[in-house]
Amino acid sequence: MPSMLDDVRSLSRRGLLKGASASALLAALMPAASRSVWANPVFASNPFSLGVASGDPLPDGVVIWTRIAPDPLNGGGMPMQAVPVSWEVSSDDRMRTIVRKGETLARPELGHSVHVEVGGLDPGRPYWYRFRAGRDASRVGRTRTAPAPGSMPASLRFANVGCQRYEDGYFTAFRHLAREELDFVFHYGDYIYEYRARNSPTPTVREIAGDELHTIVDYRNRYALYKRDADLQAAHAAHPFLSSFDDHEVDNNWAGEFSEEDGSGASPAVPPEYFALRKQMAFHAWYENMPVRRAQLPRGPSVQAYRRLRYGSLAEINVLDTRQYRDDQPCDDGTKEACPAVSNPKAQILGEYQERWLFDGLARSDATWNVLAQQVMVMRRDLGTAEPSLFSMDKWDAYPAARNRLMRHLEATRAKGVVVLTGDVHNAWAGDLKADFLNPSSATLATEFVATSISTNGDGFEIDDLRRAVLARNPHIKYFNNRRGYSVHEATRERMVIHHRAVDTVSQPGAPLITKASYAVEAAKPGVVGA
Ligand SMILES: [Fe+2]
């Protein structure tokens with residue numbers, strides 16, 4: 001261990017003490033702790049400008065999150081010092097009965113975010129929480145623990161949300177989501193968009209500035225822009241989230257070690273080792289802003305995002321990662337006729353290790369519902385309205401060998417109640433996952449429900465002739481709608497009912513919520529019913 005004197009000597013060698021004042025010398029000689037902690041902070045403005053959040057519930061605990069950011073759009077506005085943040089968890093909504101409390105440090109390394117893994121709570125019930133820093137207190141958030149292990153809750157209600165491009169429209173759907181009664185919200189990703197700001201597809205006052213994100217500061221400020229939104233903050237304050245990511249948390253259509261600019265388009269290829277640095281910064285900012293556990297702290301350019309959460313014996317939720325371990329998109333990406341590379345028998349979208357983890361989990365599970373909470377469409381979706389067939393090379397359609405392995409595994413293990421949650425395409429879809437997608441009379445092995453976007457692509461429409469043709473060409477796909485919103489899933493031991501809820505405009509704030517459609521799947525028999 002170098003002594004304090006060594007520190008001073010090295011400072012002196014660098015010439016930093018030349019002309020330094022006595023107070024600077026004193027500061028250099030002070031114990032490290034008192035220099036690096038701002039013990040009694042006084043903030044120029046509300047440091048809880050980004051709200052509060054909770055996530056990844058267990059039967060006995062949950063993560064609670066906040067970030068100290070008095071100047072959120074400029075990196076946070078904090079000195080490079082840690083700040084003490086105290087927290088309280090109450091069993092009532094007025095914070096009268098404090099059941100757990102403590103103090104932690106918001107550190108500059110993590111953008112002054114805090115992630116407290118609260119333990120010692122009772123299963124299957126709501127709790128309320130709050131933070132304090134200096135003289136300021138955060139709003140009160142509500143969260144909910146998971147049911148006791150092995151118990152059979154009467155029901156489980158959760159939402160599937162994602163794709164919230166800020167400049168495309170208001171987050172009205174999040175305001176409505178905050179009013180739902182839910183056990184949790186699964187966020188599949190596209191929490192931010194890394195793109196250079198664009199003009200909105202429909203007129204809105206939500207203009208943003210800025211170029212495409214590349215550095216930690218860029219990503220941090222973009223998260224802050226989004227998280228300042230009152231509707232998004234209301235949704236986080238109302239429900240625990242299971243947070244994942246899709247492509248736009250890093251770069252459009254990235255795949256494994258390849259950025260969008262992989263040399264196949266007009267732009268020069270980005271070397272994978274440079275892209276690794278960008279991923280590292282993007283994941284760093286993702287972690288700072290998500291209510292996730294320490295297990296999801298990035299290590300270099302990697303993050304352990306796939307994980308399993310249990311809701312008693314009623315449901316297992318497998319949060320999947322379809323970005324980090326996939327092969328580069330075949331056929332130079334895009335929507336096109338399948339090129340020979342699509343037939344690669346070793347194609348990976350989950351990666352070998354995650355695939356085995358998922359298959360083992362499904363084989364062992366005795367839950368009524370086995371949810372695959374992931375990002376991109378699993379079901380075959382031929383987008384050609386005439387010959388030839390056209391497929392999006394960013395979905396499981398581009399990795400049919402991987403999809404086939406999943407289908408064969410579901411068939412062989414007779415996995416029960418398999419429901420796939422998806423997003424990414426900015427419309428609501430529902431469909432059957434078939435043993436053979438080209439044979440409508442083949443067995444249905446699982447059911448897929450795709451949530452629409454919160455705001456991406458603006459107001460939208462109900463359906464058009466192009467999508468009617470896609471439905472006609474793909475008989476296993478039962479539903480389409482292109483309004484902005486989210487899906488609510490209500491599961492019991494017998495069935496799961498799915499509501500596609502949406503607003504007719506996001507270019508104006510305050511649009512009413514409409515349940516556009518409700519359909520169901522029986523626990524004993526996969527497949528969309530009642531669409
Ligand atoms: Fe998206």
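Tutor: We begin with the disulfide, defined as a pair of cysteine sulfur atoms within 2.5 Å. The structure holds 1 disulfide. The model is predicted: local features need pLDDT of at least 70, side-chain atom pairs count only at pLDDT 80 or more, and totals for chains, interfaces and linings use all residues. Residues are numbered from 1 along each chain as its sequence is written, and side-chain values use heavy atoms, leaving out hydrogens and water.

Student: Which cysteines does the disulfide join?

Tutor: Cys331 is joined to Cys339, with an S to S distance of 2.2 Å.

Student: Why is the disulfide of Cys331 and Cys339 left-handed?

Tutor: It is left-handed because the torsion about the S-S bond is about -90°.

Student: How is the burial of Cys331 read?

Tutor: Buried means under 20% relative accessible area, exposed means over 50%, and partly exposed lies in between (1.4 Å probe, protein chains only). Cys331 has 13% and is buried, whereas Cys339, at 22%, counts as partly exposed. Cys163 is buried, at 0%.

Student: Where is Asn482 placed?

Tutor: Strands (E, at least two residues) are DSSP runs, numbered from the N terminus. Asn482 is in the loop between strand S20 (477-481) and strand S21 (484-491).

Student: Which residues does Asn482 touch?

Tutor: Contact means heavy atoms within 4.5 Å. Leaving aside residues up to four places away in sequence, Asn482 touches His426, Asn427, Asp459, Gly460, Phe461 and Glu462.

Definitions and conventions: Helices (H or I, at least four residues) and strands (E, at least two) are DSSP runs, numbered from the N terminus.
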